[in-house]
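Here is a note to read beside the model. Please keep the structure open and find each place as it comes up.

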Amino acid sequence: MSLLQRMNPGSKPAEATKPAADAEGQEPRGQLRADLLSDKAAIHKRLVERHASALDVGNRDEVRAKVLELSEAHVRSAGLAIGQRDLDLLVESVLDDVLGLGPLEALLQDPEITEIMINHPRQIYVERSGRLTLSDVVFETDRQLRQVIDRIVSSVGRRVDESSPMVDARLADGSRVNVVLPPLALKGACMSIRKFSHEKLSGRDLEKKKSGSAAMLRFLEGSVRARLNLVIAGGTSSGKTTLLNIVSSFIPASDRIITIEDAAELNLQQQHVITMESRPPNVEGAGAVPIRELVRNSLRMRPDRIIVGECRGGEALDMLQAMNTGHDGSLTTLHANTPKDAMTRLETMVLMAGADLPATAIQKQMASAIDILVQAQRVRGGARRIVSITEVLGLQDGEIALQEIFTYRQLGVSPDGNAFGYHTATGAVPVHLDQLRASGEDLPESLFEPTPQPPPEELY
């Protein structure tokens, strides 16, 4: 692919880049001086005119050498008085526009940033350690932001324009991207990027971060290995997908796993994994393949486990049926604030499938299919916690009965705005304990004994 095609991604899908992975561990670089923007544009234009058809865009070093050569020539001819640092920033800024995602490269390379929120070209917020701050990074023009959006969207075979102004996409490293264009976005194109962690987190990492206790993680590991069906619930940005990745690591390597998502984000550690992604309609409005069809098709692919990245609609019915017809040990996530809300929302999503089923039949399906509900939450201060692990007991008096096994007891909020508390078992012994032991997961009953409240200095 020529350099000119890479700079005009609307003409042909561009190759995905890996901006964050290449610069991992580097210090975030500064911002290009505003008075050098016109010089940057001149160098960029000259690069296209002279080398568009000859440069190998897959060879960053070669492109950088040409950019550096043109930049030094421009500095001499224009009589610019700039230091080495500004020259380096000028070169990297041109490279970012040509090969990467423009001004976003510096933010993607910053390991402390977990989310990037572009409200409009001149306003970009970032999340660090759970807290939002206004970044000093901006796009030079609306057109520059649109070029970055086109490059991201076209790299995964999707489109976004005035006729279809919203899209979900992803970066090459799995980072989740959502775009909304005018006329829906009144102040200009807006985009959010939820960065994908390059480290494969484990249960031990959750324990270190105080997101869950050792007893919780041991119970979840045993539940997954014993092929109980798990649903992970939580609000937006509560860590559901990260938790699903960690919980899925407990699946034995011998199992055949099929993952189904709207935008592929899961990064399973096993080898025997088939990854499928839904497809939106094309320009003519045809060719869409929703998650529900993928779930149905996966049943013909001899899966041991089915993992649906997130249930949002009618696919919930197909997922429940799969769990009830020999595909136990399956996992999914959904948006809900509490375990009880999760069951209510799941029932609503089953109704969205259009099946003319009575409420009792739906509740029986849910009570039979789902064994464990894991509730994730982003508490005050931005920390993500597993706040509840709840067992589904079945139907009792026409209602789905739940029993909480583990909980996070929040005791208050510190002066700096951070919630504090501790994880503990509730004292309830799971009704699935015999099933766990029969499957070889010898969990002692002491695991479910409540933890005494720790001293103030040990709260988190």
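1. Start with one term. Buried means under 20% relative accessible area, exposed means over 50%, and partly exposed lies in between (1.4 Å probe, protein chains only). At 7% relative accessibility, Ser237 therefore counts as buried. Ser237 is not a glycine, yet its phi is positive, about 60°. Its place is the loop between strand 7 (230-234) and helix 10 (240-248). Helices (H or I, at least four residues) and strands (E, at least two) are DSSP runs, numbered from the N terminus.

2. Some ground rules. This is a predicted model, where local features need pLDDT of at least 70 and side-chain atom pairs count only at pLDDT 80 or more, while totals for chains, interfaces and linings use all residues. Residues are numbered from 1 along each chain as its sequence is written, and side-chain values use heavy atoms, with hydrogens and water left out.

3. Now look at Asp397. Its phi is near 55°, a positive value in a residue other than glycine. Is Asp397 buried or exposed? It counts as exposed, because its relative accessibility is 84%. Asp397 sits in the loop between strand 13 and strand 14 (399-413).

4. Go back into strand 13 (residues 384-396), where you will find Ser388. Ser388 is buried, because its relative accessible area is 4%. Which side chains make polar contacts with the side chain of Ser388? One is that of Thr390, at 2.9 Å. Another is that of Glu404, at 2.7 Å. A polar contact is a pair of N or O atoms within 3.5 Å; within protein, one must be able to donate a hydrogen and the other to accept it, and residues adjacent in sequence count only if both atoms are side-chain atoms. Leaving out residues up to four places away in sequence, Ser388 touches Pro339, Leu373, Val374, Gln375, Glu404, Phe406 and Thr407. Contact here means heavy atoms within 4.5 Å.

5. From Pro182 to Pro183 it is cis, with omega near 10°. Pro183 belongs to the loop between strand 5 (176-180) and strand 6 (190-194).

6. Next, a helix pair. Helix 11 (residues 291-298) packs with helix 12 (residues 315-324) at an angle of about 15°, and their axes are 8 Å apart. Axes are lines fitted to C-alpha atoms, for helices over the stretch in contact, and angles run from 0 to 180 degrees between N-to-C directions. Helix 11 and helix 12 are therefore roughly parallel to each other. Angles under 35 degrees count as roughly parallel, over 145 as roughly antiparallel, 65 to 115 as roughly perpendicular, and the rest as oblique. Helix 11 brings Ile291, Arg292, Val295 and Arg296 to the contact, and helix 12 brings Glu315, Leu317, Asp318 and Met319. By class, this contact has four nonpolar, no polar and four charged residues. Ala, Val, Leu, Ile, Met, Phe, Trp, Tyr, Cys and Pro count as nonpolar, Asp, Glu, Lys and Arg as charged, and the others, Gly among them, as polar.

7. Compare a second pair. The axes of helix 13 (residues 339-352) and helix 14 (residues 359-369) come within 10 Å and cross at roughly 120°. That makes helix 13 oblique to helix 14. Residues in the contact include Met343 and Leu346 of helix 13, and Ile362 and Met366 of helix 14. The contact of helix 13 with helix 14 divides into seven nonpolar residues, one polar and one charged.
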